[in-house]
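Take a look at the model below.

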Amino acid sequence: MTPINLTIPQNLVIEFNKDSSNLPPVSFRFGFAPGQPSLGEPGKNAGDILLIKENGVSVLQVSLGAREKCSSETFRKAGGLVGKWLRNNPVTNIHLSGDIVREVLIPDALPAFLEGLRLGSYQYIARKKADPPQTITVTVTDAGEPDATENMINKVMVVTDAVLMSREWAHEPANVINPVTLAESADIIAQQSGLKCLILDDQDLEALQAGAILAVGRGSKTPPRMIILEYSGNDSPPGAKPIVLVGKAITFDTGGYSLKGVDNIQGMKYDKSGGVSVLSILYAASQLRIRTPLIGIIAAAENMISSDSYRPDDILTSLSGKTIEIVSTDAEGRLVLADALTYTQRIFRPRAIVDIATLTGGVVVALGRLRAGIMGNNQDLIDALIDAGDKTMERLWQLPLDDDYFPQTKGDDADLKNSGGREGSSIMGGIFLKQFVDDSVPWAHLDIAGVADSPKDAPYAPKGATGFGVRLLLKYLETIE
Ligand SMILES: [Zn+2]
C-alpha cells in the first residue's frame, strides 16, 4: 500500500514584520459594542465584521461584543469568525498592529486572536476538485519585544498546525486512512520531524500475544498496527521518565457484529480522532522543542465484519494476560487501549500516562458537546489537565472512578467483560482501562466522544473534526519541568 500524502493545510499564514515596511493595504481594528459612533459601527456580537474605507484606506472592523464580557476566548472566537470571513472574501493580505490589541488590556489576547484566525480559516477540501483557495497572509507589527513576538507567532503557527493536522487526518475517510496507511503516514511525519517511529504490525502483535487489539482488527483486510513515536525531550535530565500519550485510532467503527444502526454509523471515521491528535501533539512537541521526553502510542485498528471478525461471547486474552469476555463488539476502543497501556508500561517507565479516546456514547449523554470527560488514578494529574483545559477552552469535567464500580465490568466467564451496560457507561470505560494500569503510575483517561467532532460550525471550528485535545495537552506538556 502506498502511503497517502497528507499535508497540513496552510489556508492562512501569520508573519511578523519587524520594521513595519510594505504593509498590506487592509488593517484590522477592534471595537466594542455599541462604541465606534461614526464610521461603520461594529456589530453587537463578538466577531461581527465590517470592511470599510477610511480616507482611502481599507479597515476590517471587528466587534468584540460587550466590553465587560471580553476575555481571551472572545478574541479567539472573533479570530475564528474573521478567519472564516477571510476565506469567503477577496482580502488576502491584512495587517494587524499589536498596539490595537494591547489597548484592550487582556492577557494573551493577541495569541488567542491569531490562534482563532488560523483555526477558523480551516476547511476540509482535500478531496474536492475545486481549485485550492488563495493563502491568506496576516502580517503582525508592533506587538512588543521583537524576539518575544517572533516566538509567540512561531508557537501559534506550530500549535495550530498540529490542530489542523489532527482535523485534516480525522476528516480523511476510511477508504483513505486505514491502520496500514495511518502507520505509513505517521512514519513519514516522524522522519520529517526527527521523531523515532516504531510500527508493530499484526505479526509483531501476534508474537507479543496482544490478543485484544488483534481481535478488534481481525475482521478487516487491513490489519491492526501499534504506532510508537518517541520524542527525546530538549535538555531534559538524563534518565528523565517520559510522559506517555496513548490514542485510540479506530479508522472506521462499524460496531462489528454488534452493528451500529443507519443513524449512528455515519461519522465513524472520526473514531480515530484521539490517535491522530497524539500524532499531531508529538509533531508539535518536536517543533516546539518542549522539555519533557514524550512517547506517543497509537492503537490503530478497523472494526469490520467478516467471517474472521470477533464475536459477542468470545473470550480474548489480552497482552496483559487478563481475559476479556466480549459483551459488545462495539466496545472495541477499550480493547485496543488495554493492549496499548500494557505495552507502554512494559517497555517504558512512564512518569504519567494520558490516554485520549472517542470511547463512549455515554459521555455525550452526560456532558453534551462542550466538555470531555476525564477520569484517572491521580488527582494532581487530573487537576493539571483540567487547568490546561480551562486555559485553552478545551474543557474537561471529572467523572468518578471509585473501585466500587468495578463489579459492573467483572466478567462472568472471564476476568473482565468489555461492557457493563448502559448505566454509567463512560465510567465503565474508565474502570475497565484502570485494570490495565499499575496503581503506582499516574494515569488519566480523556473520553472525547462528545467533542472530537461537531455536528455544526463553531466560531473557530467548522463542522466536523475539531482536533480537541491538541491545544490542551500541549499546554499541559509545557508545564512539565
Ligand atoms: Zn465502537
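How many residues of domain 1 are in contact with residues of domain 2? The count is 14 residues of domain 1, touching 10 residues of domain 2. Two residues are in contact if their C-beta atoms, placed from the backbone, lie within 7 Å.

## About the model

This is a predicted model: local features need pLDDT of at least 70, side-chain atom pairs count only at pLDDT 80 or more, and totals for chains, interfaces and linings use all residues. Residues are numbered from 1 along each chain as its sequence is written.

## The two domains

The domain assignment of the protein chain gives domain 1 (12–143) and domain 2 (164–478). Such bounds come from an automatic or database domain assignment. The C-alpha centres of the two domains lie 36 Å apart.

On the side of domain 1 that touches domain 2, α1 (72–87) and α3 (109–120) each supply at least two residues. Helices here are DSSP runs (H or I, at least four residues), numbered from the N terminus. The biggest share comes from α1, with six residues.

## A helix pair

Two packed helices are described by the angle between their axes and the distance between the axes. Helix α4 (residues 146–171) packs against helix α9 (residues 273–288) at about 155 degrees, with axes 8 Å apart. Axes are lines fitted to C-alpha atoms over the stretch in contact, and angles run from 0 to 180 degrees between N-to-C directions. The pair α4 and α9 is therefore roughly antiparallel (angles over 145 degrees).

Among the residues making this contact are Trp 169 of α4 and Tyr 283 of α9.

Note on methods. Angles under 35 degrees count as roughly parallel, over 145 as roughly antiparallel, 65 to 115 as roughly perpendicular and the rest as oblique.
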